Amino acid sequence: MRNQSYDYMAPIWSGDTSLFESFMPLACEGAAEDEPVRVPLLYSADEILEVRSSNLETVFSEGEDYLLWGGELIIPPGSPIKTVPWKSYNPQAEQPNSMTPTGFASLGGGYLLYGEGDMMHRLQYAVSYKHGDSWLGPIPRAAEEKLPKFRAKIRAGEQVRVAFTGDSITTGANSSAVVNAPPFLPMWPDMVTDFIDDNYPSKEGKTVNINRSLGGVCSDWGAFTARESFGKESPDLCVIAYGMNDASGRYTSLFVKENYRKIAEILLDINPDCEFIFVSTTLPNPIAAGFTTGLHFEHEALLAELTGEMGDIAALAPVTNMHRYLLTRKRFADMTGNNINHPNDWLARVYAQVICTVMI
């Protein structure tokens, strides 16, 4: 069941209201400590409805804690909305962590702030506002000729079985429910199956959610373990969502494409009626050394090609292209769960919104 008072599945590309859009009040490089901090938003805001802590428990006051100026959110000096100095975001000293003894290096020199669990959540906030400008980015669309068997089942009110296979992002890494922190927003695979249950309820019971994802793996692991993972499950739909580690690990696009194909072939052997959504990944921090390889975009293009080759049983959820546009409007720090390669709750919502638009 959803545990929020707002519709977190309302697409960010529609309507005139942005709900609980996440942001980090990050000061610019070289800014003085007593300077206001400007926060670029997805849209140009006409009216701020409210600003809250990321756990949604604390509400801040306009005029005292924040201002609206030129469509942007302004955090004045002395605000209880705590700003993050650039020297804390991009420290020059090594930042050892469980992943590397020195820390994650920045392309501009020094290192990057990094943290798992809810560390980044505690540095972020949520703003809701009205806007008059229109969406200028990509709009995911459902191709009606795709996924005919799955759509027929949910529209007939039949219970469906949805499988997920992917890397740490698909395990819900850094989603607040997964790290047991408020507001306990579900991981995006759970948002997807919740969406099916909310909009296409079945008398036979809730959607069966089969998530066999694992952190740190690549798509070849998915191909290697697919039969073991799903051999007894017979899913109606398999959502395949690798890519972050594939691209950062410099796996060639053709290699990734063939791994997705192998996973699909194994699932079809298990259930000849299974259909597929191939999900392209979000992008890593653009200043994280070693993570930004450019292959993420190539992988999305090859996955689009694969969906064409497979006909109506496969569709593409183009999350890479969506995230690329978001990064022209907002900063990576506004939407990250660990500041390297995981989404926060808001970006996890985008995953679910794109996938459900394509699916339904």
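## A walk through strands, cores and rings

Let us start with strand β1 (residues 17-23), which is mostly covered, with five of its seven residues buried. Buried here means under 20% relative accessible area, exposed means over 50%, and partly exposed lies in between (1.4 Å probe, protein chains only). Helices (H or I, at least four residues) and strands (E, at least two) are DSSP runs, numbered from the N terminus. The model you are looking at is predicted: local features need pLDDT of at least 70, side-chain atom pairs count only at pLDDT 80 or more, and totals for chains, interfaces and linings use all residues. Residues are numbered from 1 along each chain as its sequence is written, and side-chain values use heavy atoms, leaving out hydrogens and water.

Strand β1 has a partner: five bridges join β1 to β6, and the two run antiparallel. Two strands pair if DSSP finds at least two bridges between them. Look for Glu21, whose bridge partner in β6 is Val127.

Now to the interior. In soluble globular proteins, nonpolar side chains tend to be buried together. A nonpolar core is a set of buried Ala, Val, Leu, Ile, Met, Phe, Trp, Tyr and Cys residues joined through side-chain atoms within 4.5 Å. The largest one here has 61 residues, and Leu73, Trp188 and Leu326 have the most contacts inside it. Helix α9 gives the largest share of this core, 11 residues. Among the residues that Trp188 touches are Phe164, Val239, Tyr351 and Ile355, where contact means heavy atoms within 4.5 Å. A second, separate core of 25 residues includes Tyr242, Val256, Tyr260 and Phe278.

Leu326 is one of the buried residues of helix α8 (residues 319-329), including also Met322 and Tyr325. The buried residues of α8 pack against β10 (275-279), α7 (295-310), β11 (314-317) and α9 (345-359).

Finally, the rings. The structure holds 13 aromatic pairs. Rings of Phe, Tyr and Trp (its six-membered ring) pair if their centres lie within 6.5 Å; planes under 30 degrees apart count as stacked, over 60 as edge-to-face and the rest as tilted. Phe60 and Tyr125 have ring centres 5.7 Å apart and planes at 70°, so they are edge-to-face. This pair links distant parts of the chain, 65 residues apart: Phe60 sits in the loop between β3 (45-53) and β4 (67-69), and Tyr125 in strand β6 (residues 125-131). Tyr242 and Tyr260 also form an edge-to-face pair, 6.4 Å centre to centre with 80° between the planes.

Note on methods. Lists of a residue's contacts leave out its neighbours within four places in sequence.
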